[in-house]
Amino acid sequence: MEYYTIKNKYFGPIILDYLKDKPITTKNYYYNIDYYNSKKCRDCLIVNQLVDVSCLGNKKKQYQNNIKYNPRGDYLPFTMFFTKNNVIQIKRNINRYKLWIVKPENGTFRRGIFVVNNYQMLVEKLKNYQWNNWIIQQYIDKPLLYNGFKFHIRSYILVIIDKYNINTYLYVNGFIYLSKKIYNYNSIDESYLSGEDSPNSVRNFPNDFIKTFGYDKYLYIQPQLTRIVDETIKSVKNKLLCYNINQTNYKCYKLLGYDILINENYKLYLGEINVRLITFKYPPPKFKKILYRDILDIVLYQRKSNRFKLIDSIYNSNTIEMFSNFSTNWYIIVIMLILWFMKNYI
């Protein structure tokens with residue numbers, strides 16, 4: 001390995017174009033891999049992956065971490081966990097709400113997601129899937145509608161970790177993903193779920209949101225979005241680890257995709273956090289290039305970006321713990337030296 005290695009199938013050309021005229025002279029300076037590459041660089045100064053992202057990507061773990069951090073997390077829909085073998089344990093709770101959305105605990109790319117309104121339907125639907133671990137959540141059945149379509153917002157979050165801090169940034173631009181059909185409040189058809197199904201189902205956030213709902217509503221939801229991101233990251237700060245922690249001035253980072261639901265009262269809910277592989281089926285021209293060049297500006301050269309807004313900078317608790325242990329050990333040594341001195345010279 002020389003100065004940098006890029007094995008990112010999705011952003012690779014953008015990264016290589018960015019780096020081609022940069023004066024990098026430090027060996028193993030930067031290593032960028034996509035999710036599917038199993039090799040991690042522990043000897044690199046900067047790496048674009050974390051040791052384990054299941055604390056955010058696994059829907060059960062993410063929910064449990066959030067509830068532990070803030071038991072009153074009102075942006076979390078009521079959620080239960082079950083397996084195929086013990087699904088009967090949640091039977092008595094199914095009718096608490098009219099509609100439920102069911103998801104594989106560790107699924108990706110919307111695979112295995114369906115809606116039910118009774119226990120028997122849940123049992124029958126599960127027969128079509130091989131996953132064993134599931135979550136079931138209260139369905140937001142009175143959503144805010146975009147010209148009659150159910151939708152969710154996709155926001156992009158950049159988490160950067162170094163020896164001292166965990167910095168969380170919110171990208172100001174994102175997307176609105178619409179459902180395939182005009183929303184029907186009484187239907188459980190999966191066609192009414194929102195997603196990036198075609199170019200016609202994609203709108204720009206915040207511009208198209210502001211045009212449709214007004215700037216005042218955008219200002220109303222922004223603090224809610226910031227809070228959701230801030231609390232979800234803080235809830236797992238002890239679990240966010242870098243592969244290259246053995247390097248003196250190590251740094252690692254991860255791009256996340258937050259799916260946010262909104263009800264008719266402009267109340268925000270966390271749908272899920274996409275952490276494994278962030279892709280865009282139908283991005284506007286140059287969106288990917290601008291996004292990742294902004295990331296590289298911040299990560300590699302500490303340049304400010306008008307599009308990435310710093311939400312919070314929190315202490316790297318793992319480093320603090322190491323420092324605390326170090327301090328405690330020195331404290332013990334000093335006490336022993338004092339006792340030895342008193343014994344021999346006083």
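Tutor: Let us begin with a term: buried means under 20% relative accessible area, exposed means over 50%, and partly exposed lies in between, with a 1.4 Å probe and protein chains only. By that rule, buried residues make up 51% of the 346 residues in the protein chain. This is a predicted model, where local features need pLDDT of at least 70, side-chain atom pairs count only at pLDDT 80 or more, and totals for chains, interfaces and linings use all residues. Residues are numbered from 1 along each chain as its sequence is written, and side-chain values use heavy atoms, with hydrogens and water left out.

Student: What makes up the secondary structure of the protein chain?

Tutor: Eight helices and 15 strands. Helices (H or I, at least four residues) and strands (E, at least two) are DSSP runs, numbered from the N terminus. The C-alpha trace spans about 85 × 55 × 40 Å along its principal axes.

Student: How do you know which cysteines form disulfides?

Tutor: A disulfide is a pair of cysteine sulfur atoms within 2.5 Å. By this rule the count comes to two disulfides. In one, the sulfur atoms of Cys41 and Cys44 are 1.9 Å apart; in the other, those of Cys242 and Cys252 are 2.0 Å apart.

Student: What does the pair Cys242 and Cys252 tie together?

Tutor: Cys242 lies in the loop between α6 (215-234) and β13 (251-262), while Cys252 is in strand β13, so the pair ties together parts that are ten residues apart in sequence. Cys242 and Cys252 are both buried.

Student: Are Cys41 and Cys44 buried or exposed?

Tutor: Set the values against the cut-off. Cys41 has a relative accessible area of 8%, so Cys41 is buried. Cys44 has 0% relative accessibility and therefore counts as buried too.

Student: What pattern do the disulfides follow?

Tutor: With bonded cysteines counted along the chain, the pattern is 1-2, 3-4. Cys55 is in no disulfide: its nearest cysteine sulfur, that of Cys252, is 12 Å away. Cys55 has a relative accessible area of 5%, so Cys55 is buried.

Student: Why is Leu16 called partly exposed?

Tutor: Leu16 has 42% relative accessibility, so Leu16 counts as partly exposed. Leu16 lies in helix α1 (residues 12-19). Contact means heavy atoms within 4.5 Å; leaving aside neighbours within four places in sequence, Leu16 is in contact with Tyr4 and Ile6. The C-alpha atoms of Leu16 and Val116, 100 residues apart along the chain, are separated by 46 Å.

Student: What share of contacts joins residues at least 24 apart?

Tutor: Among contacts between residues at least 6 apart in sequence, 70% join residues at least 24 apart.
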